[in-house]
Amino acid sequence: MSSSAALSPRGARLATLVVGLCWLVVLFDGLDMFIYGSVLPHMLETKALGITPAKAGDVGSYATFGMLIGALSSGTVSDWVGRKKTIVVSTAVFSLASAVCASASSLAVFSLGRFLAGLGLGGLLPSAITMVTDYAPRGRRALIVGSLMTAHQAGGIVAGFVALWTGDWRVSFWICVIPLFIGVPLAIRFLPESITFLQAKGRTAEARALADRYDVALPAPKEARPAGADRWSAVAALFRGGLWVQTLLFWLASFGGLLLVYGVSQWLPSLMKANGYDLGSSIGFIIVINLGGIVGMLVGGRLTDMFGGSRISTIWFAITAVGIYTLSVHMPLALTYTVVFLTGMFLFSGQAMIYANVAGRSSDENRGTAVGWVSGMGRFGAVFGPWLGGQLLATGSTTAGFTAFAIAAVFAAVMISLTGLRAVRQEPAEVGELTAVG
């Protein structure tokens, strides 16, 4: 747990169980998020449901707008009702929404399905990050978050293979309903609630029983606050003292980072196809960029624990800008795959380290709120990115699309670098205090 420098063997098994189950549901989250971009070239080619590049951008923005609402809600809700319930409900929502997309008879119904999926997708990730952070040993938080986020990129790899294997967008979305029958039951049955959450809510008997069962150290009891106070004080804590500057900088960095993540995830296959690559290679780029993302998560997580999240994220986003701009140049296929892989290494983990940075600076009581709000405010970028890509592709200019995404990477690098100017201790000294890590 976050309160312990070391875990007993049974406590380590508890942490492994939590991370493993969260990894599984985040894998499904990644599958659902990336599947639209993976099947989009085929949908555009066949004009499925009357879709066009401009309309495709709108549909992508509907999904990310749903994610915005889900992320803003889930962070605070998980601090009210618990991490486990939020994870279970979020997974069920995006799984059921995929059934709506698979059976859609019009683009309007399909768009509604993607919006509903966004509610669940946006709600799951902040809650899962908060859950594993609550159980992470000290000095390993960023590595644990990075390990969790490899699931997201693994989901993207699965999405690419699903699109190549099925060749049919409806079948692909039906496959995305599977989490309802696997992830949800497993989480309900085996995922424990966060001990630090139970302590923060004054549910000490439940926390003690869970700690005794797995032989983990129980955090020192803290005075439970009234539920009404919890609902607003955790949000207000993000702005107390001089923290409002840090909070806004993280929000802006997350805006740029998620504009990149969702814009590139949706439009990379279509942009590469428009840049002269065949359809199979274009979908293959989604697989390769997510393979790079997995490597980047593990490397970035370890380096963040060693050198600080602000520093590593700044470097990662700067390299991402160079990689994305380079993709605007048509190169030999092998070289292009190499550039895509390296770009993926830095793109996805740069955003993940923003989450790890925020989680590491937050107290047990408001960690869910802090991560949820930085994710939620960043979703404005996630809404804008798919729409922007669609508008630029509709003009027939692929160079403009790559350039716009490269500029977003530079913006994120500048914003996150400024958070590093307020460097103090990583671990909160007191409940309610936020501290900087880099």
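This is a predicted model: local features need pLDDT of at least 70, side-chain atom pairs count only at pLDDT 80 or more; totals for chains, interfaces and linings use all residues.
Residues are numbered from 1 along each chain as its sequence is written, and side-chain values use heavy atoms, with hydrogens and water left out. Local features need pLDDT of at least 70 and side-chain atom pairs count only at pLDDT 80 or more, whereas totals for chains, interfaces and linings use all residues.

Eight aromatic pairs are present in the structure. Rings of Phe, Tyr and Trp (its six-membered ring) are taken as paired if their centres lie within 6.5 Å; planes under 30 degrees apart count as stacked, over 60 as edge-to-face and the rest as tilted. One of the pairs is formed by F110 and W169, which is edge-to-face because the ring planes stand at 85 degrees, with the centres 5.6 Å apart. This pair links distant parts of the chain, 59 residues apart: F110 lies in helix α4 (residues 107-135) and W169 in helix α6 (residues 169-175). Helices (H or I, at least four residues) are DSSP runs, numbered from the N terminus. F110 is buried at a relative accessible area of 0%, and W169 is buried at 8%; buried means under 20% relative accessible area, exposed over 50% and partly exposed in between (1.4 Å probe, protein chains only). Ring pairs join F110 and W169 with Y36 and F173 in a cluster.

A tilted pair is formed by F285 and Y337, with 4.8 Å centre to centre and 50 degrees between the planes. F285 belongs to helix α12 (residues 279-307) and Y337 to helix α14 (residues 333-361), so that distant parts of the chain, 52 residues apart, are linked. F285 is buried, with a relative accessible area of 0%, whereas Y337 is partly exposed at 24% relative accessibility.

Notes: Helices (H or I, at least four residues) and strands (E, at least two) are DSSP runs, numbered from the N terminus.
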